[in-house]
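Me: I have a model open and want to go through it before setting anything up. Can you take some questions on it?

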Amino acid sequence: GLCNSRELFQKAVSGGYAIPAYNFNNLEQLQAIIMACAETKSPVILQVSKGARSYANETLLRFLAQGAVAYAEELGSPIPIVLHLDHGDSFELCKDCIESGFSSVMIDGSHLPYEENVALTKKVVEYAHQFDVTVEGELGVLAGIEDEVSHAAHTYTQPEEVEDFVAKTGVDSLAISIGTSHGAFKFKPGEDPKIRLDILEEIEKRIPGFPIVLHGASSVPQELVKTINEHGGRLKDAIGIGEDQLRLAAKSAVCKINIDSDGRLAMTAAVRKVFDEKPEEFDPRKYLGPARDSLKQLYMHKIINVLGSNGKA
Ligand code: G3H
Ligand code: 13P
Ligand code: ZN
């Protein structure tokens, strides 16, 4: 069955790699994730956002994720699979997911005043741990669009707060803000996309070996942006985090790296290409199939060349 993230994170921190956390909203995305992780023998965290829940129906997504365990076995590669709520914004939402069978949840109180974040996160942890569900909390606010609330600039995680937060809340992992951001437009042209590895280092000193999570870690591959724009798309100035930066982070206590936007780009590029080059096609399998293949390749590339989770299942 589905597993929680506890043991996976311990191994990832001590092994110097990170586990992929890929968002899914439909069958093809899930297939691509499982195919990629089964083939590379990587553990995986399947992430469902609030938006995914309402888009695809939470019950359907949950059954798909549970089916994925059997699917991976069928592919000859039983891998650990976590079903995780991405950016839970209330106790009730987390409780709902825990009751319905998620094995992990995120409570994102990062926009709240510190003490309120602590109180909310602690409440979720106390509930979740009764069911052996692991909890991710967040300290610091990412720049860009987070949870439909627009934040102009980063509020970096303050290393002085992490020890207290982790001790008071009992969280199993901590998402931090060190310069990554959500979406495909993370930086302006001419900016030097660097993440603050010095802050990460400072955080690691305060909570040695504690599992750290990076959100907003898409790299926005320029060849995908180019393919989209060559086939009728209009994505201007889409820039992400360099894979070299993420590779360094993955070697540290960062043990979960969230990637969603890159997958959206891969699917869109593939679908646009089919629509452009084969305008006679109208069978969804003829464009969603190539989209799924391209997504699988992207996910395998991340696992092998960035996260280092291949062979760790
Ligand atoms: O952090 C956000 C994830 O990329 C999920 O996005 O809320 O549009 O499903 P979403
Ligand atoms: P990206 O938008 O960079 O893919 O980040 C995804 C994410 O953090 C999901 O929680
Ligand atoms: Zn996120």
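Reply: What follows goes through the fold, the ligand shells, the record annotations and some helix contacts. Keep in mind that this is a predicted model.

Me: Fine. How many strands close into the barrel, and in what order?

Reply: There are 8 strands in the barrel, in the order 1-2-3-4-5-8-9-10, and their pairing is parallel. On average, neighbouring strands of this sheet are turned by 25° against each other, with direction ignored.

Me: How many bridges join strand 3 to strand 4?

Reply: Strand 3 and strand 4 (residues 104-107) run parallel and are joined by 3 bridges. Ile107 in strand 4 has Gly88 standing opposite.

Me: Ligands next. Which residues surround ligand 1?

Reply: The shell around ligand 1 consists of Asn23, Ser49, Gly51, Ala52, Asp86, His87, His182 and Asp260. By class that is 1 nonpolar, 5 polar and 2 charged.

Me: Which elements supply at least two residues of that shell around ligand 1?

Reply: Helix 3 (50-56) and strand 3 (81-88) each do.

Me: And ligand 2, how many residues surround it?

Reply: Ligand 2 has 14 residues around it, and the closest are His215, Ser218, Asn258, Asp260 and Ser261. Two or more residues of this shell come from each of strand 3, strand 10 (254-259) and helix 11 (261-277). The shell around ligand 2 has 2 nonpolar, 9 polar and 3 charged residues.

Me: Where does UniProt place "binding site" on histidines, His87 for one?

Reply: The unreviewed UniProt entry gives that feature at His87, His182 and His215. These positions are spread over 129 residues of sequence but cluster in space, with a largest C-alpha distance of 11.8 Å. His87 sits in strand 3, and both His87 and His182 belong to the shell around ligand 1.

Me: What other positions does the record give as "binding site"?

Reply: Asp108 and Glu138, again from the unreviewed UniProt entry. They span 31 residues in sequence, but no two of their C-alpha atoms are more than 5.6 Å apart, so they gather at one spot.

Me: Where does Asp108 lie?

Reply: Asp108 is in the loop between strand 4 and helix 6 (114-129).

Me: Switching to helix packing. At what angle do helix 2 and helix 4 pack?

Reply: Helix 2 (residues 27-40) and helix 4 (residues 58-74) pack at about 35°, and their axes are 10 Å apart. The crossing is right-handed.

Me: Which residues meet there, between helix 2 and helix 4?

Reply: Leu27, Leu30, Ile34 and Ala38 in helix 2 meet Leu64, Ala68, Tyr71 and Ala72 in helix 4. The contact of helix 2 with helix 4 has 8 nonpolar residues, no polar and no charged ones.

Me: And helix 7 with helix 8, at what angle do the axes cross?

Reply: The axes of helix 7 (residues 159-169) and helix 8 (residues 197-206) cross at roughly 40° and come within 8 Å. This crossing of helix 7 and helix 8 is right-handed. Helix 7 contributes Pro159, Val162 and Glu163 to the contact, and helix 8 contributes Ile199, Glu202, Ile203 and Arg206. By class, the contact of helix 7 with helix 8 has 4 nonpolar, no polar and 3 charged residues.

Me: Which strands does helix 7 lie across?

Reply: Helix 7 lies across strand 5 (134-139) and strand 8 (173-176), and runs at about 150° to strand 5.

Conventions
Residues numbered from 1 in each chain as written. Chains lettered and ligands numbered in written order. Predicted model: local features only at pLDDT ≥ 70, side-chain atom pairs only at ≥ 80, totals over all residues. Near = placed C-beta within 6 Å. Helix = DSSP H or I, 4+ residues; strand = E, 2+ residues; numbered from the N terminus. Nonpolar A, V, L, I, M, F, W, Y, C, P; charged D, E, K, R; others polar. Axes fitted to C-alpha atoms, helices over the stretch in contact; angles between N-to-C directions. Left-handed = near helix turned anticlockwise from the far one by under 90°. Contact = placed C-beta atoms within 7 Å. Pairing = 2+ DSSP bridges. UniProt positions renumbered as here; feature names shortened; annotations may be inferred.
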